[in-house]
Amino acid sequence: MKFKDLLSEQEKQLFKDAIGKIKPMVQDKIHPAKRTIKPKSQIGTNKSRKQLAEFHFSDEFEPNLNQQGPMKYVREDVDSFEAKNLRRGVYPPDLILDLHGLDQHQAKKEIAALLYACQKEHAQCVCIVHGIGSRILKNKVPHWLVQHPDVMAFHQAPLEFGGDGALLVLVELKDKFVR
């Protein structure tokens, strides 16, 4: 049974007298717009951010790196003294990436994401711990780093940061944030 069926005629008349004259509402048929969680303009920028974070390193590129002594590299437009600064520990690492247990494909993605994170976190120096193991990542990581435009220099890390199994990388910050 419905509620209005329970009301007597007298109660219905009392209600109408109390309300007075009414005008029925007109439905304007305007439906509120459904908002998505992210605006469409943001969806496109997230894809481009993801593409930037997934820099594609080539496995076929063979740079001319120093084979004797510690692993080091300095980009052409950067002072060669920066490699010495890395070796001496002038730049302590702001972020550390440990690649132990990762295969080449995973390691490439992690390095690309790390270099992207450096821009967001204003990390000028990072430490990439690749380990020694079967020397696959030890040989590949420098070849990948040379290809990235933000890498200014790298040098084999001092013992306190991993020694022969790690590299200290100096990253160029695009917004020139000064510490």
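The model is predicted: local features need pLDDT of at least 70, side-chain atom pairs count only at pLDDT 80 or more, and totals for chains, interfaces and linings use all residues. Residues are numbered from 1 along each chain as its sequence is written, and side-chain values use heavy atoms, with hydrogens and water left out. The chain has six helices and five strands. Helices (H or I, at least four residues) and strands (E, at least two) are DSSP runs, numbered from the N terminus.

**Overall fold**

- Along the sequence, the elements follow the pattern α-α-α-β-α-β-α-β-α-β-β.
- Of the 179 residues in the chain, 33% are buried; buried means under 20% relative accessible area, exposed over 50%, and partly exposed in between (1.4 Å probe, protein chains only).
- The chain has an accessible surface of about 13000 Å², and carbon and sulfur atoms account for 55% of that surface. Accessible areas come from the Shrake-Rupley method with a 1.4 Å probe, and for residues only the protein chains shown count as cover.
- Of the contacts between residues at least 6 apart in sequence, 72% join residues at least 24 apart. Contact means heavy atoms within 4.5 Å.

**The sheet**

- The five strands form an open sheet with mixed pairing, in the order S1-S4-S5-S3-S2. Two strands pair if DSSP finds at least two bridges between them.
- Strand S1 (72-74) and S2 are the edge strands, each pairing on one side only.
- From one strand to the next, the twist averages 20°. Axes are lines fitted to C-alpha atoms, for helices over the stretch in contact, and angles run from 0 to 180 degrees between N-to-C directions.
- S1 and S4 are antiparallel and share three bridges; Lys-72 has His-155 in S4 as its bridge partner.
- S4 and S5 are also antiparallel, joined by five bridges, and Val-151 stands opposite Val-171 in S5.
- Strand S3 (residues 125-129) runs antiparallel to strand S5 (residues 166-171), with five bridges between them. Cys-125 has Leu-170 in S5 as its bridge partner.
- S4 is largely enclosed by the rest of the structure, because five of its six residues are buried.

**Helices**

- H4 lies across S1, S3, strand S4 (151-156) and S5, and runs at about 45° to S4.
- Helix H5 (residues 104-121) packs on the sheet and touches S2, S3, S4 and S5; the direction of H5 makes about 170° with that of S2.
- Helix H2 (residues 9-19) lies largely in the open, because zero of its eleven residues are buried. Gly-20 follows H2 and has a positive phi, near 90°.

**Largest pocket**

- The volume of the largest pocket is about 270 Å³. Of its 17 lining residues, the closest to the centre are Asn-66, Gln-67, Met-71, Lys-138 and Asn-139.
- Helix H6 (136-147) and S5 each supply at least two lining residues. The largest share, four residues, comes from H6.
- On a 1 Å grid over the protein atoms alone, a pocket is an open set of points where a 1.4 Å probe fits, with protein on both sides within 12 Å along at least five of seven lines; a cavity is a set from which the probe cannot get out, and lining residues have an atom within 4 Å of a point. Grid points are joined across faces, edges and corners, and a volume is the space filled by probe spheres set on the points.

**Selected residues**

- Asn-85 lies in helix H4 (residues 81-88) and counts as buried because its relative accessibility is 11%. Leaving aside neighbours within four places in sequence, Asn-85 is in contact with Val-90 and Tyr-91.
- Ile-96 is in strand S2 (residues 95-98) and counts as exposed because its relative accessibility is 58%. Leaving aside neighbours within four places in sequence, Ile-96 is in contact with Cys-127 and Val-129.
- Ile-96 and Leu-167 are 71 residues apart in sequence, with a C-alpha to C-alpha distance of 9.9 Å.

- Most residues other than glycine have a negative phi.
- His-122, in the loop between H5 and S3, has a positive phi near 55°. His-122 is partly exposed, at a relative accessible area of 24%.
- Arg-135, in the loop between S3 and H6, has a positive phi of about 70°. Arg-135 counts as partly exposed, at 40% relative accessibility.
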